[in-house]
Amino acid sequence: MAAVQSQKWVLMATAQTPTNIAVIKYWGKRDESLILPVNDSISVTLDPQHLCTTTTVSVSPMFQSDRMWLNGKEISLSGDRYQNCLREIRSRASEIEDEKKGIKITKKDWEKLHLHIASYNNFPTAAGLASSAAGLACLVFALAKLMNVQEDQGKLSAIARQGSGSACRSLYGGFVKWAMGNEENGCDSIAVQLQDEKHWDELLIIIAVVSSRQKETSSTSGMRDSVETSLLLQHRAKEIVPKRMIEMEEAIKNRDFPSFARLTCADSNQFHAVCLDTSPPIFYMNDTSHRIISCVEKWNRSEGTPQVAYTFDAGPNAVLIARDRKVAANLLQRLLYYFPPHSDTDLNSFVIGDKSILQDVGVKEMKDVEALPPPSETKDQIPAQKQRGAVSYFICTRPGKGPVLLSDESQALLNAETGLPK
């Protein structure tokens, strides 16, 4: 490397990684430093078109230290989570040569060279939409490409896990299982893909963003308190989850929506029951979250078979999985009826992601929202009161693919000459 030390080169890689939503929840660690869970979990990867992290990583002899920018703001890389990922990836780096730029980096050089990292989430950070999962998975995936790491996705998932537990599941598309593993060093606590995103492509997902504010109790401290104080967590990990995992894998394999919905809703409710069983109790859901559950439960019961599954991570935002497009349109119609926006809201920013579903609902502008009829299941009763402005916005999406490398340099978040944010 000495020969090119004086040259002002910057080598970059940019990747895009999806977020994921657990349908069998991960809550509680048996090893805090290695991030080893107390139970297995299963998630659905969301379409990166609508929810993803984009990360550019770069290396240069000009850089004086490792630096990172998240959503345009510089943040510290001193935390264990980032350091663990950087250390693990650097130790696996291979030699690379770029003849065009006259760059050769040996395995030994990687230990001395500094990195610049820029990351951007196209959805709220730390609001219970698994932003840390997408972020750490994207960091590991991009660094592995930059440093020519010769490991498969499973091994990379074990590295991402040490940054953020759920991050291991974002290294695959479709339906993903995180096996808790048995080894003390965590080598078998990895993610595996159960089915790809095309396996069950009728499913549509609507996320009701109830609050995009940062949550009061972080997942990390919440989990620690639950492990120390909740007897329900111990029972759940030992008795309940192992059976649910078998049933959920079967439901996904057979595209059995009634079983999938029953398990998803039950597991979400039990996770939040564990939070309430924690001392001091943790409240991630709010009144609007509870009203959304009630609305879905009423509709599912009136239809005689589940149309929609709901699940909530560590936050008040509802992730609603509809069995097909027709159901998704009916769901959005109900949500817009019960939770209309303030009258001065732009419909374009109130329903984002796959907007084509609005046409199925017959909504083109705000006045159409006001004209929506009450749902059929409220016909005999007085329709529930509308909660105007209770939902910030809706994201319409679907199961999606895993991480990808972006070859178009215009999508990079760092300047190709300076290695600083654009």
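**View 1. Strand E2 is mostly covered.** Five of its five residues are buried, where buried means under 20% relative accessible area, exposed over 50% and partly exposed in between, using a 1.4 Å probe and protein chains only. Strand names like this one come from DSSP runs numbered from the N terminus: helices are H or I runs of at least four residues, and strands are E runs of at least two. Keep in mind that this is a predicted model, where local features need pLDDT of at least 70 and side-chain atom pairs count only at pLDDT 80 or more, while totals for chains, interfaces and linings use all residues. Residues are numbered from 1 along each chain as its sequence is written, and side-chain values use heavy atoms, with hydrogens and water left out.

**View 2. Four strands make an open sheet, in the order E2-E5-E12-E13.** The pairing is antiparallel; two strands count as a pair if DSSP finds at least two bridges between them. E2 and E13 sit at the edges with a single partner strand each, so one side of each has no neighbour in the sheet. On average, neighbouring strands here are turned by 35° against each other, direction ignored, going by axes that are lines fitted to C-alpha atoms (for helices, over the stretch in contact), with angles from 0 to 180 degrees between N-to-C directions.

**View 3. Here are the bridges at both ends of the sheet.** E2 and E5 run antiparallel and are joined by four bridges; look for Asn20 opposite Thr45 in E5. Four bridges also join E12 to E13, again antiparallel, and Phe175 has Gln195 in E13 as its bridge partner.

**View 4. Helix H6 covers residues 231-253 and has a kink.** The kink, about 45°, lies at Ile240, shortly before the proline Pro242; the bend is the angle between axes fitted to the seven residues ending there and the seven starting there. At the start of H6, a side-chain oxygen of Ser230 comes to within 3.3 Å of the backbone nitrogen of Leu232. Among the buried residues of H6 are Leu233, Val241 and Met248. Their cover includes strand E2, helix H5 and helix H7, with contact meaning heavy atoms within 4.5 Å. After the helix comes Arg255, with a positive phi near 50°.

**View 5. Helix H3 is largely enclosed by the rest of the structure, because 14 of its 16 residues are buried.** H3 is followed by Asn148, whose phi is positive, near 55°.

Terms used:
The expected span of a helix is 1.5 Å times one less than its number of residues. A polar contact is a pair of N or O atoms within 3.5 Å; within protein, one must be able to donate a hydrogen and the other to accept it, and residues adjacent in sequence count only if both atoms are side-chain atoms.
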